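Subject: Structure handover

Hello,

Here is the structure I promised to pass on. Please open it before you read my notes.

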Amino acid sequence: MAIDYSQKIPNNVNLGDDRTLQRALEQWQPNFIQWWDDVGPDGSTNYDVYLRTATSVDPQGWAHFDYVKMRDYRWGIFLNPGDPARQIHFGDHKGETAWQDVPGEHRANLRRIIVTQGDTEPASVEQQRHLGLTAPSMYDLRNLFQINVEEGRHLWAMVYLLQKFFGRDGREEAGALLERTSGDENNPRILGAFNEKTPDWLAFFMFTYFTDRDGKFQLAALAESAFDPLARTTKFMLTEEAHHMFVGESGVSRVLQRTAQVMNELKSDDPKKVREAGAIDLPTIQRYLNFHYSVTIDLFGADQSSNAATFYSSGLKGRYEEGKRTDDHVLKGQSYKVLEVQGGRLVEKEVPMLNALNEVLRDDFIKDSVAGVGRWNKVLEKAGVPQRLVVPHKAFNRRIGALAGIRMSPEGRVVSEEEWQAHEAEWLPSDADRAFVASLMGRVVEPGKFAHWIAPPAMGINRQPVDFEYVRFG
Ligand SMILES: [Fe+2]
Ligand SMILES: [Fe+2]
């Protein structure tokens with residue numbers, strides 16, 4: 001019997017009136033469930049999880065909480081409300097009416113943008129699939145699952161655009177999004193950071209703080225797009241992204257809280273003693289931060305890029321908060337500073353701004369990231385611990401752009417290969433660090449109980465108590 005997808009898939013895009021789209025989704029949906037069963041959250045099929053499900057985009061509907069089995073989650077398709085008179089507000093088409101369909105000349109680029117964004121969504125689910133087995137609490141387990149189902153919904157959002165607007169090519173791309181796998185040698189995910197492992201919960205919190213924040217900036221830039229359905233889809237995705245970054249920021253805060261408490265009890269900052277007391281020492285947390293920060297800022301792409309210029313000038317992708325900026329929104333003849341190494345030193349170089357828009361977005365991301373690291377340092381300050389976390393220099397440990405492969409200390413000093421080798425274990429997580437963090441990861445899932453290495457949160461989810469039964473194991 002045919003499934004009524006217009007009922008099964010909550011949506012505000014009149015799915016019921018579009019037979020072609022329904023047929024495409026009918027073919028894709030079982031493959032999506034198969035993907036979820038194969039590489040989604042490990043061993044979770046029978047759990048009833050207290051999850052937020054979007055049933056509409058208005059404030060009452062988008063944060064509806066109830067118990068649900070994840071594979072039965074109602075992955076919906078939601079666009080923020082549209083304005084038929086909306087105008088393109090940057091680039092060469094500035095002042096023209098926004099597009100409700102894909103202009104032929106921008107089809108290939110738009111498809112590429114949507115596929116690249118779409119590819120990150122299932123990738124992070126794959127990267128996080130084993131974390132449920134070592135959750136530090138039932139509260140954290142629920143948050144992990146919330147992120148997982150919402151990344152699944154983000155994939156639906158991009159697949160909707162591909163299937164609705166890109167015909168046969170779009171259907172093929174939608175299929176391929178379920179075929180690539182994070183870290184797979186033969187068919188990896190498109191972007192580097194999405195092929196890294198997320199092996200433990202400190203990595204998970206750093207990932208959701210930094211890498212989901214990359215998502216925020218990419219989505220915000222696409223929310224400016226002249227292609228109106230993309231703008232409206234990504235705007236709604238941003239409302240969900242905020243919770244992912246909250247999980248990262250509060251997760252690291254709680255780790256720091258416990259570490260500071262242990263340091264105070266021991267009256268020592270000796271990493272060895274902190275580790276023996278079952279907490280994560282600050283130098284290890286700093287190294288994890290260095291890793292996730294540097295890998296994430298590579299996601300913004302090469303510092304100079306003619307594609308970035310094309311995407312902007314043709315109206316496909318704007319800048320972060322484009323509408324709040326006071327320049328001409330065309331940017332021809334303007335310049336921006338990027339970094340390169342000359343004679344063994346980092347130097348600034350002025351380049352045409354249009355070509356430097358990846359760097360502009362990266363710098364916006366850096367400002368936002370640094371603010372949260374400041375809030376982490378407040379946790380240490382409040383506990384009377386003198387050490388502070390810092391973000392490394394943006395040239396540190398880069399693999400993409402003009403700074404790729406240059407050996408650089410976290411402070412931004414060019415170093416020799418020997419110096420790098422001698423200090424790498426102080427600057428980036430070593431196998432020993434990862435093994436230590438892994439040794440702390442044991443499953444704690446009794447309501448209200450927390451693993452020793454992390455403090456409980458200040459409050460629960462959706463005003464529920466911290467010891468609420470967030471997951472019912474079937
Ligand atoms: Fe996402
Ligand atoms: Fe996310």
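Predicted model: local features only at pLDDT ≥ 70, side-chain atom pairs only at ≥ 80, totals over all residues.

Residues are numbered from 1 along each chain as its sequence is written, chains are lettered from A and ligands numbered from 1 in the order written, and side-chain values use heavy atoms, with hydrogens and water left out.

**The iron ions**

Start with the iron ion (ligand 1). Its protein donors are E121 (OE), E151 (OE) and H154 (ND1), at 2.0 to 2.2 Å. Donors here are N, O and S atoms within 2.8 Å of the metal (3.2 Å for Na, K and Ca); water is not among the atoms, so sites may look incomplete. Along the chain, the spacing of these donors is E-x29-E-x2-H.

Now the iron ion (ligand 2). E151 (OE), D212 (OD), E241 (OE) and H244 (ND1) are its protein donors, 1.8 to 2.2 Å away. Their spacing in sequence is E-x60-D-x28-E-x2-H. E151 in helix 4 and E241 in helix 7 (residues 228–266) are 90 residues apart, so the pair links distant parts of the chain. Helices (H or I, at least four residues) and strands (E, at least two) are DSSP runs, numbered from the N terminus.

E151 bridges the two iron ions, ligand 1 and ligand 2, which lie 3.5 Å apart. In helix 4 (residues 138–165), E151 and H154 are about one helical turn apart, because three residues separate their positions. E151 has 3% relative accessibility. E241 also counts as buried, at 3%.

**A loop residue**

H106 sits in the loop between strand 2 (64–68) and helix 3 (107–127). H106 is buried too, at 9% relative accessibility. Beyond its neighbours within four places in sequence, H106 is in contact with H93, W99, S314 and L316. Contact means heavy atoms within 4.5 Å.

Three strands form an open sheet in the order 2-1-5, with antiparallel pairing. Strand 2 and strand 5 (471–472) are the edges; each has a single partner strand, so one side of each lacks a neighbour in the sheet. Strands pair if DSSP finds at least two bridges between them. Strand 1 (residues 48–53) and strand 2 have five bridges. L51 has D66 in strand 2 as its bridge partner.

Best wishes

Key: Buried < 20%, exposed > 50% of the residue type's maximum accessible area, 1.4 Å probe, protein only.
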